[in-house]
Amino acid sequence: MYVPLREATEVAQVGGKGEMLGRLLRSKVHIPDGIVFTTEMLVRFLADHGLDVADGQTPTPEMIGKIRHALKHAVWQPHQLEWLREVYDAMPGRMCVRSSAVLEDGQHSSYAGVFTSVLNVTTFGEFIRAVREVWESAYGPDAVAYAQQRKHPLLPMAVVVQQFLDATASGVAFLTEGRLHISATYGLGVGVVSGRVPADSYTLSHRGAEPELEIHAKGICYVANESAVTMLHKQMTIKHQQSEIDLYPYDTDDRNAVYLCQVLPQRHAQPANSPVLKRDNVLRLAETLYALQDGPLGSGDWDIEWCWHHDEPRVLQARPLTSSKVVEAYDAEPEPSSAGRLILTGKPISAGEGIGPVRNINKDEDLDRIEAGDILVMDWIPDHFIRILTKAAALLISDGSPLSHCAIIAREWNIPCVGGVQRGSLQDGVWYRVNGSTGKVYEAVDRPSVHQPSGLPAPTERLYVHAWLIQAMEAVNASPASEKRWMNKWRKLLQAAGPDCEIVTDGVEELLLPGDPLAPLFDRLLAGALRDCRPAGLIRGRA
């Protein structure tokens, strides 16, 4: 029920992230090695407790509740614990336990920030708990909300286990049409992808170009706790680029595994206001990232996570860039305003326009008063707020990175988003017009008679069946006699979608190589089911 990471090839078995990491390893990219617990492991665990999730259809709310309860409370069998202990003992040092759902990190849906990853795992107890936490996230509220918005079934979940790298600097990079945009901050990358920690920006217009630098005040960062002892409120130091950076840990997670630290000023330097990466190291990192297009990734647009470890850049993961609108937004021309007074100008993060009343979000309890069509104003957008983004007409954030998880999802869901806006700078309940392409916020002179969140699905219903079809093909290939049963399930799925629904198979054909034995099966599944149940349209390949 697990495979070495470098042998991870089948998306239906190892998930999107596992397949990509395996591809990078086989191409000799210097990333942390590890293993992948396959999707079958979760299916068997639930089956042992009387829960069948093998057919790939979205469970009912009642079934989801039972699954969540089992994943939280069901007891490991003795033989499972013995086997897991052997796997744990074979891993070198500290680990990270990461989600790898079947459609995660895909061409059209990133699922960025939806699932759980657990960093700096140091004990066997933490290890088996982390596996369960990743599994739980496959059925969590954010996964359900994202899947509903994208018309996906809930996804089969694999789990990637890798060596943990104690980074001194980390970030995210977007590589699109030769243009490279890098974000960087001290410590672990969780601060950048969450949007909580401000990050420096480095932009290269093309390979070999001189980096353009935009420095932000990086007053906080996340670092790993190297021991089981918690040392809050006691100064610590990390070494980065032949320099020492003093930190003051003032908060920790529930495992005491990751500290949130204040970056302290020093006698001859202000690290918070200094570039994270020196010019030469930016160029080293850029060449590492550009080289991925020469090798395992190929041409196209890519979203790459990286870190600085032992004085060298390391790649942590890569996925197709689901939206390049953030780059387009930087180049947008100023918008002439025909009506409404200009209130403020922020940083474009996600293109589009939204009109609605402002809701300043100070704490989780404020989520209860959000209504469809509101403009949400927040310091940053935690991943667990993803499920409420479908209500938003627009997002205004102060410390949000254009490369954070929620910024990516805002662009995927076409929700206008502007950064650099302080919470409280706009009056609660007052209507505004937000242009995410220019970063400008205006008074709303004309209110729409009916306002709807920009992130809601388009009027034409679409059903995305990538994960379901891959699972069906794998099952029938292993047992040809089951084709009739899967064909009946396929027809029922289409009938439930309704006659006006478009069936989207994006990405399935890209996984089928010439001569692949699954290709004829794919054609039979489509032809047989669509003959008896004709929806409005079939979208094959890339939409």
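Buried means under 20% relative accessible area, exposed over 50%, and partly exposed in between, with a 1.4 Å probe and protein chains only. Helices (H or I, at least four residues) and strands (E, at least two) are DSSP runs, numbered from the N terminus.

This is a predicted model, in which local features need pLDDT of at least 70, side-chain atom pairs count only at pLDDT 80 or more, and totals for chains, interfaces and linings use all residues. Residues are numbered from 1 along each chain as its sequence is written, and side-chain values use heavy atoms, leaving out hydrogens and water.

**Exercise 1.** Work out how strand E19 is covered and which strands it pairs with.

*Solution.*
- Step 1: E19 spans residues 374-378, and five of its five residues are buried.
- Step 2: Asp374, Leu376 and Met378 point one way, while Ile375 and Val377 point the other way.
- Step 3: Strands pair if DSSP finds at least two bridges between them. Strand E18 (residues 353-360) runs parallel to E19 and is joined to it by three bridges; here Asn360 stands opposite Val377.
- Step 4: Strand E20 (residues 392-397) also runs parallel to E19, with five bridges, and Ile375 stands opposite Ala394.

**Exercise 2.** Place Trp76 in the fold and list what it touches.

*Solution.*
- Step 1: Look in the loop between helix H3 (61-73) and helix H4 (78-90) for Trp76.
- Step 2: Trp76 counts as buried because its relative accessible area is 10%.
- Step 3: Contact means heavy atoms within 4.5 Å. Not counting residues up to four places away in sequence, Trp76 touches Met41, Phe45, Leu81, Leu84, Ile128, Arg132 and Trp135.
- Step 4: Trp76 and Ile128 lie 52 residues apart along the chain, and their C-alpha atoms are separated by 9.2 Å.

**Exercise 3.** Find the residues that touch the most other members of the largest nonpolar core.

*Solution.*
- Step 1: A nonpolar core is a set of buried Ala, Val, Leu, Ile, Met, Phe, Trp, Tyr and Cys residues joined through side-chain atoms within 4.5 Å.
- Step 2: Among the 75 residues of the largest core, pick out Phe37, Leu46, Phe127, Trp135 and Tyr139.
- Step 3: Helix H5 (residues 124-137) gives the most to this core, with seven residues.

**Exercise 4.** Check the confidence of the chain.

*Solution.*
- Step 1: pLDDT is the predictor's confidence in each residue, from 0 to 100. The protein chain averages 83, and 85% of the residues score at least 70.
- Step 2: Over residues 324-332 the pLDDT is below 50, though this stretch has 20 contacts in the model beyond near neighbours in sequence.
- Step 3: Where pLDDT is low, the predicted coordinates should not be read in detail.
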